[in-house]
Amino acid sequence: MSDELIAQTLWTGDYYNEGSGKDGLFDKLKEECGVFGVYRHPDAASLSYYGLHALQHRGEESAGMCVSDGSEFHYHRGMGLVKEVFDKDIMASLAGDIAIGHVRYSTSGDSKLTNAQPLVFKYRDGDLAVATNGNIVNALQIRRELEQSGSIFQTTSDTEVVAHLIARSSKDLVEATKDAFNKIVGGFAFLVMTNDKLIAASDPHGLRPLTMGRLNGAYIFASETCALETIGAELIRDIEPGELLVLDQDGLREERFEHGKHRKALCAMEYIYFARPDSDLNGSNLHSARKRMGSQMAMECFIDADVVTGVPDSSISAAIGYAEQTGIPYELGMIKNKYTGRTFIQPSQELREQGVKMKLSAVRRVVEGQRVVMIDDSIVRGTTSRRIVNMLRDAGATEVHVCITSPPFKNPCFYGIDTPDRRELIASSKTIEEIRQEINADTLHFLSFEGLIEAVGGNNSSDPKGGLCLACFDNEYPTQVNFNGEEKFGCSC
């Protein structure tokens, strides 16, 4: 697809890249969702607002919140950013001390209000609200079985499948939830709420992150620790794989819905790209881990150059690590414009054809006449890397050497990342040399598996994969992924 044709596909509605956001200027991977929960705090809605704002990078399509005052639900969902969905009047209507919230980026589910979360239902025992981050690989299979037995679905979301499984059970809420989670396969972090209960759970492999904190006696749950920091909550711990926590009038109960032995497999892309650099995963700070990735990259392939720069924002930490390890100066060689995604003014045809410059600009005075090492976190289709390399050359860089702080991305993700078809992943069909030629770089280097595991602190684990899911790199999935053609890619949470 030509750059001109790609640029033309961006204007699909009233504003730039309206809708799912899949056809962006950059072929970067997209995270799917973020969840936030509060149990027994009088300002549950306000805390959830700020928590969701901190998780905005995990989903920019829709946002929602459901609050319980002990007897009934108050909820609101809308399309757009958190600050656009909730205003002063709406926040004032969300009274209660239990809340769950959600920010969404769909990958296979439709981008529309009916799929915005939390999903809210009436069932035999009262009100039920459900929010999740992740993907259920066998959701289509379960959905078909439920429909054949009489269930009627209102959305295309995985989350509704779980709600149906819970509602159809004759057991109490906790046991019904356990049974539901044991039927599904995939990577997920769930928050389930009734009028007086909150349940939090992580999939048996811990593929998607979920943390627990405390604030003035209240329990807080969030996809990333940066959301806890935002509201001043103290981090208690990560939710363990297969764990199910129940919070009700009797306090906190730590239970499990899955008792088998499963390899822990937290998504490696959380470390490489998705999570905010001020978040912690498994006790490891993301900024520090990414700096170590850059340092490890430098030890694996030193390049004689004048300047090191990182593709903003996720690769800046790694670029600093590379620069510190090599002694080559780190410079801000590229600037990202964070606001192009929601402009209502269409650009000129010339800017359409130079679409990358709307969102990323090279700092000419920094790169002109310089041999540049460009650090990035991944290469998906290769189109982004080619545009950025050419942009640096246009700004006067004499050489552009590309270092990727992950192994080659060859395989689709079944657990919630927005990944193209395998045939569109450039590393699945081309050698490193062929990719180098495709992106017009002078040299191209990828971080080794061993270097990645070492950098994230997994080298002391008895697991040779360091407690990570590396399936997008090595094609070894931690769960069953084939369900007779009814498996789901991506995410429709």
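Biologist: Is D376 buried or exposed, and why?

Modeller: Buried means under 20% relative accessible area, exposed over 50%, and partly exposed in between (1.4 Å probe, protein chains only). D376 has 1% relative accessibility, so D376 counts as buried. This is a predicted model, in which local features need pLDDT of at least 70 and side-chain atom pairs count only at pLDDT 80 or more, while totals for chains, interfaces and linings use all residues. Residues are numbered from 1 along each chain as its sequence is written, and side-chain values use heavy atoms, with hydrogens and water left out.

Biologist: In which strand is D376 found?

Modeller: Helices (H or I, at least four residues) and strands (E, at least two) are DSSP runs, numbered from the N terminus. D376 belongs to strand β20, residues 371–376. D377 lies in the loop between β20 and α15; because its relative accessibility is 1%, D377 is also buried.

Biologist: At which residues does UniProt place the feature "binding site"?

Modeller: UniProt positions are given in the numbering used here, with shortened feature names, and annotations may be inferred rather than shown by experiment. The unreviewed UniProt entry places "binding site" at S314, D376 and D377. Although these residues span 64 residues in sequence, no two of their C-alpha atoms are more than 7.9 Å apart, so they gather at one spot.

Biologist: How does one read the span of helix α15?

Modeller: The expected span of a helix is 1.5 Å times one less than its number of residues. Helix α15, residues 383–394, has 12 residues and reaches 16 Å from first to last C-alpha, close to the 16 Å expected. Its buried residues include T383, R387 and L392. Just after α15, G396 has a positive phi of about 105 degrees.

Biologist: How many cavities of 30 Å³ or more does a search find?

Modeller: On a 1 Å grid over the protein atoms alone, a cavity is a set of points where a 1.4 Å probe fits but cannot get out; lining residues have an atom within 4 Å of a point. Grid points are joined across faces, edges and corners, and a volume is the space filled by probe spheres set on the points. The search of the whole structure finds three such cavities. The largest cavity holds about 120 Å³. It is lined by 13 residues, and P209, L210, D238, I239 and N282 are the closest to its centre.

Biologist: What is the volume of the second largest cavity?

Modeller: The second largest cavity has about 80 Å³. Its lining includes L207, R208 and C267.

Conventions: 1 Å grid on protein atoms, 1.4 Å probe; cavity = no way out; pocket = protein on both sides within 12 Å on 5 of 7 lines; lining within 4 Å.
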